[in-house]
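Subject: the structure, plus some notes

Hi,

Here is the structure I promised to pass on.

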Amino acid sequence: MKLIDNTKTPLNVLDSIGVEDEGPVKGYVHSLESFGSVDGPGIRFVAFLQGCRMRCQYCHNPDTWNIGVGTEMTADELLDNAERYRAFWGETGGLTCSGGESLVQIDFLLDLFTKAKARGISTCLDTSGGPFTRDEPWFSKFKELMKVTDISLVDIKHINSAEHKKTHRDRQREHPRHDPVDVRQRLRHVDPPRSGARAHGL
Ligand code: SF4
């Protein structure tokens with residue numbers, strides 16, 4: 001019989017950072033993609049989580065913006081769905097969470113990635129970094145999240161704050177540098193027409 005080490009369950013992780021146990025954490029999911037090939041290494045199951053406050057002028061998925069709507073799922077429900085496609089992942093694929101903005105639902109994301117790692121699934125976070133803050137308790141949750149994140153795709157919207165405000169409603173206070181933990185990062189940048197990005201050397 002396989003013994004479960006309760007000191008390493010996701011519940012204990014949440015307890016340790018001050019989150020009360022109110023049953024399984026549920027996430028709001030916008031949509032699921034079973035065969036993603038551009039959202040991280042290899043072939044990946046992509047969960048587009050609901051909610052984003054960035055309001056980019058060029059966003060082609062504004063239906064992901066509203067927070068607290070979408071399909072409610074637990075981490076295990078989402079992972080059970082993802083694992084149906086595991087045979088396609090090979091050695092490099094796995095699970096990517098995108099959006100919307102996944103960090104809007106950091107409690108669910110932490111639960112999901114912790115359970116994914118327990119199942120031996122590669123985890124990838126695709127984020128604009130918009131919700132990032134060093135304020136607590138959010139920052140402690142973020143550090144825990146980075147421990148179970150294999151790679152993060154950080155989407156830099158604009159490197160100039162003034163230009164950023166023109167194109168995006170929420171100014172990023174600080175990009176997530178992930179310096180507390182060792183996580184592979186890829187920087188991504190969208191250069192839409194008339195964004196002014198090229199004029200600033202990006
Ligand atoms: S961060 Fe992404 S989902 Fe959010 S508004 Fe911008 S393009 Fe749309």
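Let me start with the strands: β1 and β2 run antiparallel and are joined by five bridges. Strands here are DSSP E runs of at least two residues, helices are H or I runs of at least four, and both are numbered from the N terminus; two strands pair if DSSP finds at least two bridges between them. Within that pairing, E33 has V46 of β2 as its bridge partner. β1 (residues 26–36) also runs antiparallel to β3 (residues 71–74), with four bridges between them, and there K26 stands opposite T74.

Before you go further, note that this is a predicted model, in which local features need pLDDT of at least 70 and side-chain atom pairs count only at pLDDT 80 or more, while totals for chains, interfaces and linings use all residues. Residue numbers start from 1 along each chain as its sequence is written.

Zooming out, the protein has five helices and seven strands, in the order α-β-β-β-α-β-α-β-α-β-α-β from the N terminus. Of its 202 residues, 37% are buried, meaning that 20 or more other C-beta atoms (placed from the backbone) lie within 10 Å of the residue's own; 12 or fewer is exposed, and in between is partly exposed.

Now the inside. The largest nonpolar core has 31 residues, and A47, L78, L95, L109, L112, F113 and L145 have the most contacts inside it. (A core is a set of buried Ala, Val, Leu, Ile, Met, Phe, Trp, Tyr and Cys residues joined through C-beta atoms within 7 Å.) Elements giving two or more residues to this core include β2 (44–49), α2 (75–83) and α3 (106–118). α3 gives the most, with six residues.

So what does α3 look like? It has 13 residues and reaches 18 Å from first to last C-alpha, close to the 18 Å expected at 1.5 Å a residue (1.5 Å times one less than the number of residues). Its buried residues are F108, L109, L110, D111, L112, F113, T114 and A116. Leaving aside residues up to four places away in sequence, L112 touches G27, A75 and L78, where a contact means C-beta atoms, placed from the backbone, within 7 Å. After α3 comes G120, with a positive phi near 75°.

Cheers

Definitions and conventions
Contact = placed C-beta atoms within 7 Å.
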